[in-house]
Amino acid sequence: MRAAKHVAGLLGLMFTSEQALAAYQMNLPPGVTSFSQGAYDIHTMVMWICVVIGAIVFGAMIYSIIYHRKSKGAVSAEFHDNTAIEIIWTVIPFLILIAMAIPATKVLLAMEDTSNSDMSIKVTGYQWKWHYDYLGEDISFFSNISTPDAANLSTNASVKKDDTYLLDVDNRLVIPEDTKVRLLFTSNDVIHAWWVQAFGVKKDAIPGFINESWVNVPDPGVYRGKCAELCGKNHGFMPIVVEVKTKEDYAAWVSGQKTAAAEAAASAEKTWTRADLMSHGEKVYATACGACHQANGEGLPNVFPGLKGSAIATGDIAKHIDVVVNGVSGTAMAAYGPQMNDADLAAVITYERNAWGNDTGDVVQPSDIKAAR
Amino acid sequence: MSAVIEEHHDHHDHKPSGIGRWLFSTNHKDIGTMYLWFSFIMFFVGGAMALVIRAELFQPGLQLVEPEFFNQMTTLHGLIMVFGVIMPGFVGLANWMVPMMIGAPDMALPRMNNWSFWLLPGAFGMLIASLIMSLMGMGSAPNFGWTFYAPLSTTYGPASTDYFIFSVHLMGISSIMGAINIIATIMNMRAPGMSYMKMPIFVWTWFITAYLLIAVMPVLAGVVTMMLMDRNFGTSFFNAAGGGDPVLFQHVFWFFGHPEVYIMILPAFGVVSQIVPTFARKKIFGYSSMVYATASIAFLSFIVWAHHMFTTGMPVAGELFFMYATMLIAIPTGVKVFNWVSTMWRGSMTFETPMLFAIGFIFLFTIGGFTGLMMCIAPADFQYHDTYFIVAHFHYVLATGAAFSIMAAVYFWIPKWTGNMYDEKLGKLHFWLTAIGGNILFFPMHFVGLAGMPRRIPDYSLQFAEFNAMATVGAFIFGFSQLIFLYNVIKTIRGGEKATDQVWEGADGLEWTLPSPAPFHSFTTPPTVK
């Protein structure tokens with residue numbers, strides 16, 4: 001079974017451009033960008049220098065442990081100082097360090113040069129998802145883990161554990177091949193770090209700051225990464241998936257996104273049926289709200305309040321809309337107004353007011369949200 | 001002659017009895033003993049948390065704990081091991097050994113010594129109380145990692161963060177008072193003839209460590225006070241929405257945090273520098289270069305802090321400076337390792353348990369030093385940062401480094417403390433299980449880290465499964481073999497073969513001129529050092 005899985009994985013590797021997920025991976029993979037290859041080369045060089053020094057030092061120690069032991073009749077020597085040798089083993093390491101510093105500096109300077117980029121994408125960290133905004137393109141979307149149930153002890157077992165377990169998202173970041181893409185990082189709440197190992201890019205997304213980096217991926221493919229900075233409960237459950245497309249496919253994707261955006265805008269204008277709001281609301285809830293308030297609406301005691309039977313979810317509609325749209329300052333409840341369109345907000349509020357036995361019977365339309373904004 | 005001295009001592013050995021002996025103690029040995037027991041108990045508490053973490057990570061998927069609780073475990077494990085195990089462990093050793101090594105009757109400031117110990121149970125009681133409340137369903141214990149980065153620990157911190165802040169303040173006061181005491185003792189109470197350059201290396205390393213403590217613990221107190229203000233009094237030091245700066249938190253924290261890692265390793269260097277010459281029956285090689293190397297490491301520790309922050313988006317000039325400065329640390333650290341090896345070279349070595357732990361320390365600490373050198377290279381560090389490669393690195397230097405040296409020190413000096421020899425067979429068994437278990441535990445972390453596993457995650461994707469399972473097996477071997485240590489210590493306190501005053505054939509230093517067990521007051525008449 002296990003072997004079959006490995007074979008399947010290997011075949012998958014041969015026939016698709018999915019990143020290798022080999023078991024027993026022991027070393028840093030070289031990655032696919034000049035960036036990651038630079039890091040890999042310097043990593044390899046320094047590691048081998050360490051191995052050689054280690055072999056010499058440990059070799060001397062082991063020799064001494066074997067031969068200079070009392071049980072073999074060794075008599076201790078008298079020497080306990082030697083200025084010449086002290087100078088030698090201060091100077092030689094210094095020279096070795098200079099030999100490391102020169103290539104390291106070169107690689108670093110190349111990495112930090114974000115000039116002459118062809119396009120820019122703003123990456124914003126949220127607890128616990130990523131938001132991508134294609135600057136100047138009018139394309140922006142959230143990217144959530146595609147298996148939100150994995151983040152809870154009670155529901156984790158029901159999630160299928162395959163090669164993309166914890167590594168898949170609903171909306172991938174799509175970029176064109178062979179293009180210098182500048183990435184701008186910031187955060188809406190706590191510090192996150194956007195890391196795609198195959199690109200060699202790891203940058204903190206910090207609230208109030210904009211950090212920058214860049215990628216230029218020569219070949220199409222799917223590359224996976226993770227949040228690398230502890231950002232709260234679901235830190236382990238905010239993967240990154242980057243899909244690199246050929247320039248033609250990318251252009252097609254961009255126009256597809258624009259059509260979809262137009263459709264979404266239109267849907268916010270129409271009046272929805274209660275059933276449609278409920279079914280759409282359930283989906284929105286699962287990706288945006290369930291991480292804290294839980295799929296069953298009960299929250300986590302003393303950490304995240306429950307919505308089941310809560311005063312807000314069963315009380316005044318205007319207050320409920322206000323909490324969701326504007327957030328609650330000083331708490332983990334973010335403002336979802338800027339994150340979602342009117343239809344999503346209307347659907348999720350309708351869902352919260354009618355799910356888990358809340359049964360208020362209320363229906364919130366996109367027009368209500370628009371009026372409340 | 002010695003019998004006369006002992007009687008004289010007995011006459012003055014006015015030991016209070018009962019609980020008062022410990023509560024009101026001003027005796028460096030009793031306080032040292034309390035520090036060491038406190039450290040030992042916390043070692044098991046923090047170790048139990050580590051086993052919860054490793055058990056959860058045995059397989060992919062969530063099996064035992066919620067991610068929220070997992071974060072509380074990693075946070076408290078780190079805080080307890082750093083502030084509750086390694087630091088008090090070394091302070092305990094300093095309390096016991098510094099007066100005896102410099103020929104003093106006691107510490108210079110005995111009442112302050114009492115207070116600095118008794119703050120600790122309060123501080124950790126409060127920290128652990130927040131975990132107990134969390135287990136009882138009342139809020140969350142600190143869950144933001146031992147580095148408590150803002151704003152996760154400020155705007156987004158649980159209510160217990162304020163307890164945590166108070167607890168850190170108390171630990172800081174305790175450490176500063178302990179450090180002042182050690183400096184005052186070393187400066188004022190050395191036996192006639194013991195010039196600074198004749199002090200044992202352990203005393204030297206602690207002397208320098210104490211200055212580091214005085215320099216950086218107030219910085220830690222400052223950063224937690226700013227957090228307290230942000231959380232409760234409406235300031236915005238670290239809140240970007242109010243004009244503050246989350247990165248400022250990291251700068252201030254690591255300005256404390258980097259010297260802190262040397263606070264945890266310099267006394268270990270000292271311990272190893274006492275043990276290796278003893279069992280090699282040869283004087284330490286390059287005494288003065290050892291002292292200068294320690295001082296250089298201490299100096300450099302103040303100008304390298306931002307190498308913990310390469311991914312925060314520093315200007316490239318900053319990255320280069322901190323990369324170069326960090327590389328320099330390899331030089332004095334290398335000198336120390338070379339000197340230990342040269343001390344062993346052409347010695348006449350035996351391998352009792354303290355020597356085994358000391359050699360284990362040199363091997364494994366050096367591996368941690370190599371990975372440290374690798375991660376100071378900024379472009380490569382982008383790939384290592386916040387992965388298990390880092391976790392492997394700092395466990396090699398702290399668990400199989402600092403903790404190994406404390407174990408070595410206990411085996412080395414416990415015959416002097418108790419008057420009894422420990423059980424050598426059990427000691428060796430403890431060493432081998434700890435060393436083998438520790439490597440099965442920590443070595444695979446290098447691999448999963450390089451392969452791309454971030455730290456502080458309760459669940460991972462499938463390609464990391466094999467090495468994580470291995471690490472968990474190692475963790476349980478490592479953890480449970482410490483029970484042998486506990487048993488051996490208790491057994492030694494209760495009895496055993498009587499130790500001579502000299503204890504070890506190659507032992508050299510004033511502490512070995514005292515009877516075993518050492519009298520309640522060490523040197524009532526100062527010895528003269530040639």
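Helix 3 of chain A passes helix 11 of chain B in a right-handed crossing. In this predicted model, the two elements span residues 83-111 of chain A and residues 316-344 of chain B, and they pack at an angle of about 155° with their axes 9 Å apart. Because angles over 145 degrees count as roughly antiparallel, helix 3 of chain A and helix 11 of chain B are described as roughly antiparallel to each other. The residues of this contact divide into 19 nonpolar, four polar and two charged.

Leaving aside its neighbours within four places in sequence, Tyr24(A) is in contact with Gln463(B), Glu466(B) and Phe467(B). Tyr24(A) is partly exposed, its relative accessible area being 47%, and its C-alpha atom is separated by 53 Å from that of Lys370(A), a residue 346 positions away along the chain.

## Helix pairs within chain B

Helix 4 (residues 67-102) and helix 5 (residues 110-135) of chain B have axes that come within 12 Å and cross at roughly 165°, and these two helices of chain B are therefore roughly antiparallel to each other. Their crossing is left-handed. On the side of helix 4 of chain B, the contact includes Phe69(B), Met73(B), Leu76(B), Phe83(B) and Pro88(B), while the residues contributed by helix 5 of chain B include Asn113(B), Leu120(B), Phe124(B) and Leu131(B). Taken together, the residues of this contact divide into 13 nonpolar, five polar and no charged.

A second pair is formed by helix 12 (residues 353-375) and helix 14 (residues 388-418) of chain B, whose axes come within 8 Å and cross at roughly 160°. That angle makes helix 12 of chain B roughly antiparallel to helix 14 of chain B, and the crossing of this pair is left-handed. The contact of helix 12 with helix 14 of chain B comprises 19 nonpolar, 10 polar and no charged residues.

## Overall dimensions of chain A

The secondary structure of chain A comes to 11 helices and 10 strands. Its radius of gyration is 27 Å, whereas a compact globule of 373 residues would have one near 21 Å, and its C-alpha atoms fill a box of roughly 90 × 50 × 50 Å along the principal axes.

Buried residues make up 48% of the 373 residues in chain A. Among the contacts in chain A with a separation of 6 or more, 66% are accounted for by residues 24 or more positions apart.

## Backbone features in loops

Most residues other than glycine have a negative phi, and most peptide bonds are trans. In chain B, the bond from Ala150(B) to Pro151(B) is cis with omega near 0°, Pro151(B) being placed in the loop between helix 5 and helix 6 (161-188).

Asp138(A), although not a glycine, has a positive phi of about 65°; this residue is found in the loop between strand 2 and strand 3 (139-143) of chain A, and with a relative accessible area of 73% Asp138(A) is exposed. Phi of Gln294(A) is near 70°, again a positive value in a residue other than glycine. Gln294(A) occupies the loop between helix 7 (290-293) and helix 8 (311-314) of chain A, where Gln294(A) is buried, with a relative accessible area of 8%.

Definitions and conventions. Residues numbered from 1 in each chain as written. Chains lettered and ligands numbered in written order. Predicted model: local features only at pLDDT ≥ 70, side-chain atom pairs only at ≥ 80, totals over all residues. Heavy atoms only, no water. Axes fitted to C-alpha atoms, helices over the stretch in contact; angles between N-to-C directions. Helix = DSSP H or I, 4+ residues; strand = E, 2+ residues; numbered from the N terminus. Parallel < 35°, antiparallel > 145°, perpendicular 65-115°, else oblique. Left-handed = near helix turned anticlockwise from the far one by under 90°. Contact = heavy atoms within 4.5 Å. Nonpolar A, V, L, I, M, F, W, Y, C, P; charged D, E, K, R; others polar. Rg over C-alpha atoms; globule rule 2.2 N^0.38 Å. Buried < 20%, exposed > 50% of the residue type's maximum accessible area, 1.4 Å probe, protein only.
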